[in-house]
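Here are my notes on the annotated sites. Please read them next to the model.

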Amino acid sequence: MPSNKSVSDAPIVQFTNCRILRGHQLLREDLWVREGKILNPEKLFFDEKGSADVQLDCKDSIITPGFIDVQINGGFGVDFSLATDDFKSGIDLVSQKILSHGVTSFCPTLVTSPPSVYHQVLPQISVKNGGAHGAGILGAHLEGPFISKEKKGAHPEHCLRTFEAGAFQDLLATYGSLDCVRIVTLAPEMRRSSEVIRELTKRGICVSLGHSVANLSQAEEAVQHGATFITHLFNAMLPFHHRDPGIVGLLTSDKIPTGRRVFYGMISDGIHTNPAALRIAHRAHPKGLVLVTDAIAGMGLAPGRHTLGQQVVEIDGLNTYIAGTKTLSGSVATMDTCVRHFQEATGCSVETALEAASLHPAQLLGIEHKKGTLNYDSDADFLMLNDNLYVQATYIAGKEVWRRDASGM
């Protein structure tokens with residue numbers, strides 16, 4: 001049956017013999033792709049009287065939307081919080097390397113830094129689509145410097161800031177520009193934080209609560225003003241207490257505005273969060289869980305000393321500490337490892353684990369109409385996985401951008 005070329009001359013690729021994650025289920029269906037988008041085969045058959053130009057046998061692979069990492073500080077020797085002359089080549093390297101871990105889009109994350117670093121680095125980050133060159137960039141995640149001294153974690157104390165009179169102007173002066181910014185993590189207990197949250201939200205920037213000693217009512221107020229995310233739940237915040245559960249209490253709060261969902265990041269590396277805590281969070285609020293790596297420059301490298309912005313970090317096995325301390329500072333976990341650990345630790349379904357790294361981050365950023373699903377007309381960014389959830393191939397806009405070779409590399 002010939003293709004109806006009046007509709008489009010672009011080749012149609014049919015991926016066969018696979019299980020597709022669609023509508024929260026793994027379905028034994030074929031995946032059809034044309035011009036970088038997922039195609040509805042019914043329209044193709046009945047409206048266009050068309051058929052596939054190319055058929056690819058997926059050999060019973062799972063096909064899932066590409067992973068989206070909204071908190072990654074660097075990797076492979078590159079630190080996004082260091083202002084270097086070759087920053088662009090560094091970000092390109094990370095974009096390329098994370099394809100093998102199933103990440104098709106990400107938010108390069110800067111930890112608390114002096115204003116000069118933001119002014120140098122942010123103009124060098126541009127939102128762009130992924131492709132053979134690497135994963136797409138969705139915009140920067142600025143974690144700090146408007147955070148709590150008590151819960152600074154691996155953030156340098158001398159760079160922390162509070163909101164002064166004219167708080168939003170103060171934030172603008174610190175960052176220099178918000179043009180490429182997608183997420184800002186701040187501590188909601190800070191004076192004047194409400195006006196900042198409102199201003200950021202108005203500009204379409206996601207506000208995340210983290211590195212904070214906020215109580216539950218302060219956290220709820222922040223959500224009522226527009227905050228929608230929690231940065232690495234449990235880490236760098238007050239521990240859960242039954243009389244005042246703090247930010248953690250947002251997971252079951254009855255004061256979330258109607259129609260709003262609070263999402264929360266989790267570093268599912270087996271180190272930052274005990275598996276029991278992971279299970280508690282997941283069972284309390286499964287639809288809000290977003291897997292993040294919080295990966296640092298040492299991801300993908302041998303143990304030793306690396307940087308995280310202004311700090312020196314020591315990697316010991318899978319643990320990363322500020323040198324000379326036992327303060328955790330980011331992770332060296334890859335996104336596919338986090339997905340597998342999450343599934344194993346919680347006993348959740350494969351579908352649930354995959355959606356925590358794809359659908360949920362897309363929903364958080366309001367891009368679920370084009371990323372994070374395999375719905376018709378969405379971007380054809382997807383992965384082929386084996387039954388143990390190891391990435392076999394990565395596709396962006398329907399084109400293969402990475403494949404595991406026969407030796408498993």
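1. Asn235 has a relative accessible area of 16% in this predicted model. The cut-off for buried is under 20%, so Asn235 counts as buried. Asn235 sits in the loop between β14 (229–230) and β15 (263–266). Beyond its sequence neighbours up to four places away, Asn235 touches Ile267, His272 and Thr273.

2. Arg243 lies in the loop between β14 and β15. Its relative accessibility is 68%, and Arg243 counts as exposed.

3. An unreviewed UniProt entry lists Asn235 and Arg243 under "binding site", along with Ala154, Ala236, His272, Leu328, Ser329 and Gly330.

4. Glu143 belongs to strand β11 (residues 140–143). Glu143 is buried, at 2% relative accessibility. Leaving out residues up to four places away in sequence, its contacts include His211, His232, His155 and Asp294.

5. His211 is in the loop between β13 (206–209) and α6 (216–224). His211 is buried at 3% relative accessibility. With residues up to four places away in sequence set aside, His211 touches Glu143, His232 and Ala236, among others. A polar side-chain atom of His211 lies 2.9 Å from the backbone oxygen of Lys151.

Note on methods. Residues are numbered from 1 along each chain as its sequence is written. This is a predicted model: local features need pLDDT of at least 70, side-chain atom pairs count only at pLDDT 80 or more; totals for chains, interfaces and linings use all residues. Side-chain values use heavy atoms; hydrogens and water are left out. UniProt positions are given in the numbering used here, feature names are shortened, and annotations may be inferred rather than shown by experiment. Helices (H or I, at least four residues) and strands (E, at least two) are DSSP runs, numbered from the N terminus. Buried means under 20% relative accessible area, exposed over 50%, partly exposed in between (1.4 Å probe, protein chains only). Contact means heavy atoms within 4.5 Å. A polar contact is a pair of N or O atoms within 3.5 Å; within protein, one must be able to donate a hydrogen and the other to accept it, and residues adjacent in sequence count only if both atoms are side-chain atoms.
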